[in-house]
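Here are a few friendly notes to read with the structure open beside you. Take the points one at a time and find each place in the model as you go.

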2 protein chains.
Amino acid sequence: MKQALAEAKKAQSKGEIPIGAVVVCQNQIIARSGNQTEALNDVTAHAEMLAITAAANALGGKYLTECTLYVTVEPCLMCAGALSWAQIGRIVYGASDEKRGFHTFASNALHPKTVVESGIMEDECAELMTRFFQNKRSR
Amino acid sequence: MKQALAEAKKAQSKGEIPIGAVVVCQNQIIARSGNQTEALNDVTAHAEMLAITAAANALGGKYLTECTLYVTVEPCLMCAGALSWAQIGRIVYGASDEKRGFHTFASNALHPKTVVESGIMEDECAELMTRFFQNKRSR
């Protein structure tokens, strides 16, 4: 999660919403990304989506059944849908997102075999987001 | 929808699940894509996702509020989530997908302002899918 937070901070330094993700397979990081919706001018360029694509590329296969995704914020519906298609083995997220997180819309969005853990380094992950939007609003 | 069907058939000819999408803005097609999950080895490469990215690129802006997406099959949760972020103005789809379509998981997945129409050229769109999976199974 520390690595995912580093990606989030890198994203923030480029003016992006500070969310980061890494994919781990057999104790190795095989993909990492920060949110890039501004840089790519593309709503689909969430950290998780970019990390899924990069992980599939690294593995040479579409399915991530043996992988864990660490992400600083609860995935949205789009990312949860993508993680479901990828049949990801495990998702670990930091801060919850009651407004856009997938739990708010569809608690069964993920593949039934996917294990989910939440609240890891929650304060650090949430604080990055809170501070980012406070700064935006005060401008 | 005829153009979306043409994209679906093109996808099928390349061994992809036959789904196609086009994005129309001010009576002009600004993006078109077929499903490319096999070619790109990437679960996120659905026709709708690729069309959203291409449309944003064509417009030079992330939001597709003035656009209509025509897609041969009801969008899945991932694509519905992406269409929500894009705040697409209107979605027209052909065949319903009771197994993976977004309605099965979250009827409120889309942006509240998005207008949805379904059942346009439904038979042609559904038949492509049915025949594709029948052929797959009989191999």
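1. Helix 3 of chain B (residues 47–59) has 13 residues, which at 1.5 Å a residue should span 18 Å. Its end C-alpha atoms are 18 Å apart, so the two values agree. Keep in mind that this is a predicted model.

2. Which residues of helix 3 of chain B are buried? They are Ala47(B), Glu48(B), Met49(B), Ala51(B), Ile52(B), Ala55(B) and Ala56(B). Their packing partners come from both chains: in chain A, helix 2 (47–59) and helix 3 (77–85); in chain B, strand 1 (20–25), strand 2 (28–34), strand 3 (67–73) and helix 4 (77–85).

3. Look just past the end of helix 3 of chain B, where Gly60(B) takes a positive phi of about 75 degrees.

4. Now turn to another pair of helices. In chain B, the axes of helix 1 (residues 2–13) and helix 6 (residues 122–137) come within 10 Å and cross at roughly 10 degrees. Because angles under 35 degrees count as roughly parallel, helix 1 of chain B is roughly parallel to helix 6 of chain B.

5. Helix 1 of chain B brings Leu5(B), Ala8(B), Lys9(B) and Gln12(B) to this contact, and helix 6 of chain B brings Glu124(B), Cys125(B), Leu128(B) and Phe132(B). By class, the contact has five nonpolar, one polar and two charged residues.

6. Finally, compare the chains. Chain B superposes on chain A by a rotation of 180 degrees with 0.0 Å of shift along the axis (RMSD 0.0 Å), which is the relation of a two-fold axis. In chain B, the C-alpha nearest that axis belongs to Met78(B), at 1.9 Å. Both copies use the same surface, with 100% of the contact residues of chain B recurring in chain A.

How values were computed: Residues are numbered from 1 along each chain as its sequence is written. Chains are lettered from A and ligands numbered from 1 in the order in which they are written. This is a predicted model: local features need pLDDT of at least 70, side-chain atom pairs count only at pLDDT 80 or more; totals for chains, interfaces and linings use all residues. Side-chain values use heavy atoms; hydrogens and water are left out. Copies are superposed by least squares on the C-alpha atoms of residues with pLDDT of at least 70 in both. Contact means heavy atoms within 4.5 Å. Axes are lines fitted to C-alpha atoms, for helices over the stretch in contact, and angles run from 0 to 180 degrees between N-to-C directions. Helices (H or I, at least four residues) and strands (E, at least two) are DSSP runs, numbered from the N terminus. Angles under 35 degrees count as roughly parallel, over 145 as roughly antiparallel, 65 to 115 as roughly perpendicular and the rest as oblique. Ala, Val, Leu, Ile, Met, Phe, Trp, Tyr, Cys and Pro count as nonpolar, Asp, Glu, Lys and Arg as charged, and the others, Gly among them, as polar. The expected span of a helix is 1.5 Å times one less than its number of residues. Buried means under 20% relative accessible area, exposed over 50%, partly exposed in between (1.4 Å probe, protein chains only).
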